[in-house]
There are 4 protein chains.
Amino acid sequence: VEEARTAERVGALLAEAGAILISGGLGGVMSASCKGAAGRGGQTIGLLPGWDRTDGNPYLTVSLPTGLHELRNGLVIGTSDGAIAIGGGWGTLSEVALAMRTGKPLVAIRSWVVTSPEGPQQALSVVDTPEEAVREVLSAIKAKPQ
Amino acid sequence: VEEARTAERVGALLAEAGAILISGGLGGVMSASCKGAAGRGGQTIGLLPGWDRTDGNPYLTVSLPTGLHELRNGLVIGTSDGAIAIGGGWGTLSEVALAMRTGKPLVAIRSWVVTSPEGPQQALSVVDTPEEAVREVLSAIKAKPQ
Amino acid sequence: VEEARTAERVGALLAEAGAILISGGLGGVMSASCKGAAGRGGQTIGLLPGWDRTDGNPYLTVSLPTGLHELRNGLVIGTSDGAIAIGGGWGTLSEVALAMRTGKPLVAIRSWVVTSPEGPQQALSVVDTPEEAVREVLSAIKAKPQ
Amino acid sequence: VEEARTAERVGALLAEAGAILISGGLGGVMSASCKGAAGRGGQTIGLLPGWDRTDGNPYLTVSLPTGLHELRNGLVIGTSDGAIAIGGGWGTLSEVALAMRTGKPLVAIRSWVVTSPEGPQQALSVVDTPEEAVREVLSAIKAKPQ
């Protein structure tokens, strides 16, 4: 519940900043963040794992059934300028890893802590509040050389 | 170096067990495990990120340029019956996450330690030696209902 | 030029009907159809082959860089309820084939004519005007059992 | 039946030439060509649409369940140096289109005839016998600048 509240607030802040929200389009954290964004008039794109458009949560402005299943996680990261990881799903961890691998700005909030054989990964930014998460990811995106 | 020795030994043991080795097909841990497998006459399939077949390491029996880039990590897991994670690359972490997400037997050796918001993931099997890694993943694959 | 005019008119008619236009997001027929749709306030989603969002044409409301290259053609079809093929590019032909293969309503206008070893494919609907194309594909989508 | 005989002969000739045969790995033309190749000791790689390795035909030396469904057609072309199209399936047509789009040598035998709005596509090589098909595609591959 706390997680859903965090996600909804992140979505609302992203919409207020004029950002488009791309997610896996299903329930839980995905649905909560879309609800927050849609409530502020934001665009919400869902990249669904299956082929049924109606699997998307009710807060999507565009529901795209990819049929790519878990590989659509890579598409969520690939089509985004940056990412905010919320919660502890394995799918979320795969997105964290791919964002780090491809150099996309990533902020984690109430999410995975990962420790490589060389030690904790300082590169992964961890914050406590939706406000910090959104501010940090947007400024990292702006700071990136285009 | 220790990591490469571990990977080479894992490859050799897999080939001795008659397993086909599927990897990302490039250098480092991938190349070392293929070297070990090929040295025992094993099949080694490389799912390359780009389009150039010659990017594959010299120990591949089949080099497949997918052009899927990081999404080929999902293909490495999807086409395998189980996985052994070695080392601390972000690509490896994405494969760990996808294996857990899709319920594939996975063993980690000198690799990532991951902690979800709910605590350390006991589900992820961590071992110390190539012998344990190969024995454990093969017996988990055999135990799986088909 | 005639082809671009056809595409722009198709885009405009789709937007008027309230449809979301999904395309490969680049120039030529893709750009012309997006121009037509955007001019009527329609949503235009571009599934780009590469990773650079700015490769998208200026009429996209959502530009999604997939990094899937030619495989994104399959995504254009997979995320759509039906398709209108315009023009004679090989990429268009791959989309025609995948739409037929997956049973998506498809209408061709100034596009490929294909003949299988068993003879011309009557299943492929060919029309002469944008009005017919849009009317036919929308009614075929509505007629489909959900 | 004639089609299967053609496919089996093509597979046998490819194996004799030392080529690795990559296909969609299922039945019909795919199975017949693998049977021909395997009978001469050739390698046969199957890129299956689903996730079940046992869906592959019995003549595969490596069965790879991709879970990519129709998008695996693009992977069949992308991982190959050239292609021989046999028969009139829509999946085959998508592979013909993608091979032409990406500049891979392609020979068609008892397969699709395609006519763009600009006229018949002379670029597509059509032959009558397995011997011509294999000879032509292999020499086109060798002639290609690497």
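## The interface of chain A and chain B

Chain A and chain B bury about 2,200 Å² between them, and carbon and sulfur atoms give 76% of that area, where buried area is the accessible area (1.4 Å probe) that two parts lose on being put together, summed over both. In chain A, the residues that lose the most area to chain B are A:E70, A:L71 and A:W90, which together make up 28% of what that side buries. The model is a predicted one, in which local features need pLDDT of at least 70 and side-chain atom pairs count only at pLDDT 80 or more, while totals for chains, interfaces and linings use all residues; side-chain values use heavy atoms, with hydrogens and water left out. Residues are numbered from 1 along each chain as its sequence is written, and chains are lettered from A and ligands numbered from 1 in the order in which they are written.

In this interface, 25 residues of chain A are in contact with 25 residues of chain B, contact meaning heavy atoms within 4.5 Å. Two salt bridges are found across the interface of chain A and chain B, a salt bridge being a side-chain nitrogen of Lys or Arg within 4 Å of a carboxyl oxygen of Asp or Glu. B:E70 is paired with A:R101 in a salt bridge whose closest N and O atoms are 3.6 Å apart. The elements of chain A that each supply at least two residues of the side touching chain B are α3 (72–78), α4 (90–101), β5 (106–111) and β6 (113–116), with helices (H or I, at least four residues) and strands (E, at least two) taken as DSSP runs numbered from the N terminus. The element that gives the most to this side of chain A is α4(A), with eight residues. By class, the side of chain A that touches chain B holds 11 nonpolar, 11 polar and three charged residues; here Ala, Val, Leu, Ile, Met, Phe, Trp, Tyr, Cys and Pro count as nonpolar, Asp, Glu, Lys and Arg as charged, and the others, Gly among them, as polar.

## The interface of chain A and chain D

The area buried between chain A and chain D is about 360 Å², with 81% of it given by carbon and sulfur atoms. Of the area that chain A buries against chain D, 77% is supplied by A:W51, A:L68 and A:H69, more than by any other three residues. Five residues from chain A and five residues from chain D take part in the contact.

Between chain A and chain D the count of salt bridges is zero. The side of chain A that touches chain D divides into three nonpolar residues, two polar residues and no charged ones.

## Relations between the copies

Two copies of a chain are related by a rotation about an axis and a shift along it.

In chain A, helix α2 (residues 29–39) has A:S31, A:A32, A:S33, A:C34, A:G36 and A:A37 buried, that is, under 20% relative accessible area, with exposed meaning over 50% and partly exposed in between (1.4 Å probe, protein chains only). The cover over the buried residues of α2(A) includes α1 (2–16), β1 (21–23) and β2 (44–48) of chain A. Just after α2(A), A:G41 takes a positive phi of about 80 degrees.

In chain B, B:S31 is found in helix α2 (residues 29–39) and is buried, with a relative accessible area of 15%. Apart from its neighbours within four places in sequence, B:S31 is in contact with B:L26, B:N57 and B:Y59.

Most residues other than glycine have a negative phi. B:R110, in strand β5 (residues 106–111) of chain B, has a positive phi near 50 degrees and counts as partly exposed at 40% relative accessibility. D:H69 is not a glycine either, yet has a positive phi of about 55 degrees; D:H69 lies in the loop between β3 (62–65) and α3 (72–78) of chain D and counts as buried at 15% relative accessibility.
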